[in-house]
Amino acid sequence: MKDFHWTQLLNPEFYINLEIAGHHIGIYVVLFIVFAETGLFAGFFLPGDSLLFLSGIYSETLMQELFVIENEFTNVAVLSTMVGVAGIIGNIFGYWFGAKSGHFLYSKEDNFWFKKKYLIQSRLFFEKHGGRAIVFARFLPIIRTFAPIVAGIVQMEKKKFMFYNILSSFLWAFTLIFSGHYLYRYLLENHQIDLKKYIELIVVGIILISTAPIVINSIKNKLKARK
C-alpha cells in the first residue's frame, strides 16, 4: 500500500488483490462494490462489468480466503452466486431508497457523488423498456445504479421488480464471471496468452463496449433535439 496512488481506485484488479495484515480481503470488497454500484447512487463511478470479468480470472484467489473448493466449476459457480445475491440486495436497497425519498433527488443539486442527468437518463430508459429495463440496466454502467431507484420512484410492482431483479442479477454475475474465468483458461492453455498481463487493455475494452450503447443513445437524442 505504500506505493498507492488514487488512480488505482479505478482499477478493479486493485480491489481483487487487496490485502490487510496478510489476508486477502478482495472477496469482501468485490461483494461490497457490487452492492454499492447497484444500490447506492454514489456508487455509479465504481467498476462493475470489468470487476466481475476480472473476478472470474481471479476466482481462485478470491474464494480461498473463505474456503477452498477443489472443483473448478463449483468454485466459479459459488462466487457467481454470491455476487448475484449482493446485486439483488443492492437493487432492493435502491428500490427502497427510490420509493422513500427518490423524488427529493430531482430537486437535489449536482455534486461529485450525484448527477441529476443520470437519474433523468435512467428514467427515460426505464419508461422506454418497462420491467425489462432492470435486466438491460445490469449491463449498462451508471444506468445500472439508477434503474432500481427509478423503479422505486415510479412504484413499480414489488413482485414484478423482484422477478427482474433476481433474473438480471444472476444473469449478469454468471455471464461475466464465467466468461472471464473460462476465456482466461482457454487462452492460457491453448494459446499461452495470459490475460493477467493485459488487465489494463481488458478494463478499457470492457468500458468502451459497455458504455457504447449509452453514448450512441445520447448522440441520437441530441440529433433528434436539433431537428
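These are legends for close-up views of a predicted model.

**View 1. Helix 3 crossing helix 9.** Here we look at where helix 3 (residues 49–57) meets helix 9 (residues 158–191). Their axes come within 6 Å and cross at roughly 45 degrees. That angle makes helix 3 oblique to helix 9, and the crossing is right-handed. On the helix 3 side, the residues making contact are Asp49, Leu52, Phe53, Gly56 and Ile57. Facing them from helix 9 are Trp172, Ala173, Leu176, Ile177, Ser179, Gly180, His181, Leu183 and Tyr184. Sort this contact by class and you get nine nonpolar, four polar and one charged residues.

**View 2. Ser55 and its neighbours.** Staying with helix 3, this view picks out Ser55, which sits in that helix. Is Ser55 buried or exposed? With a relative accessibility of 1%, Ser55 falls under the 20% cut-off, so Ser55 counts as buried. The Ser55 side chain reaches back to the backbone oxygen of Leu51, at 2.7 Å. Leaving aside residues up to four places away in sequence, Ser55 touches Ile16, Val30, Leu62 and Leu79.

**View 3. Helix 6 crossing helix 8.** Next up is another helix pair: helix 6 (residues 116–129) and helix 8 (residues 143–153). The two axes come within 8 Å and cross at roughly 70 degrees, so helix 6 and helix 8 are roughly perpendicular to each other. This crossing is right-handed. Helix 6 brings Tyr118, Leu119, Gln121, Ser122, Arg123, Phe125 and Phe126 to the contact. Helix 8 meets them with Ile143, Phe146, Ala147, Ile149, Val150, Ala151 and Ile153. Split by class, the contact has eleven nonpolar, two polar and one charged residues.

View 4. The thing to check here is the backbone: phi of Ile142 is positive, about 75 degrees, although Ile142 is not a glycine.

View 5. Gln192 has a relative accessibility of 62%, so Gln192 counts as exposed.

How values were computed
Residues are numbered from 1 along each chain as its sequence is written. This is a predicted model: local features need pLDDT of at least 70, side-chain atom pairs count only at pLDDT 80 or more; totals for chains, interfaces and linings use all residues. Side-chain values use heavy atoms; hydrogens and water are left out. Axes are lines fitted to C-alpha atoms, for helices over the stretch in contact, and angles run from 0 to 180 degrees between N-to-C directions. Helices (H or I, at least four residues) and strands (E, at least two) are DSSP runs, numbered from the N terminus. Angles under 35 degrees count as roughly parallel, over 145 as roughly antiparallel, 65 to 115 as roughly perpendicular and the rest as oblique. A crossing is left-handed if the near helix is turned anticlockwise from the far one by less than a right angle, and right-handed if clockwise. Contact means heavy atoms within 4.5 Å. Ala, Val, Leu, Ile, Met, Phe, Trp, Tyr, Cys and Pro count as nonpolar, Asp, Glu, Lys and Arg as charged, and the others, Gly among them, as polar. Buried means under 20% relative accessible area, exposed over 50%, partly exposed in between (1.4 Å probe, protein chains only). A polar contact is a pair of N or O atoms within 3.5 Å; within protein, one must be able to donate a hydrogen and the other to accept it, and residues adjacent in sequence count only if both atoms are side-chain atoms.
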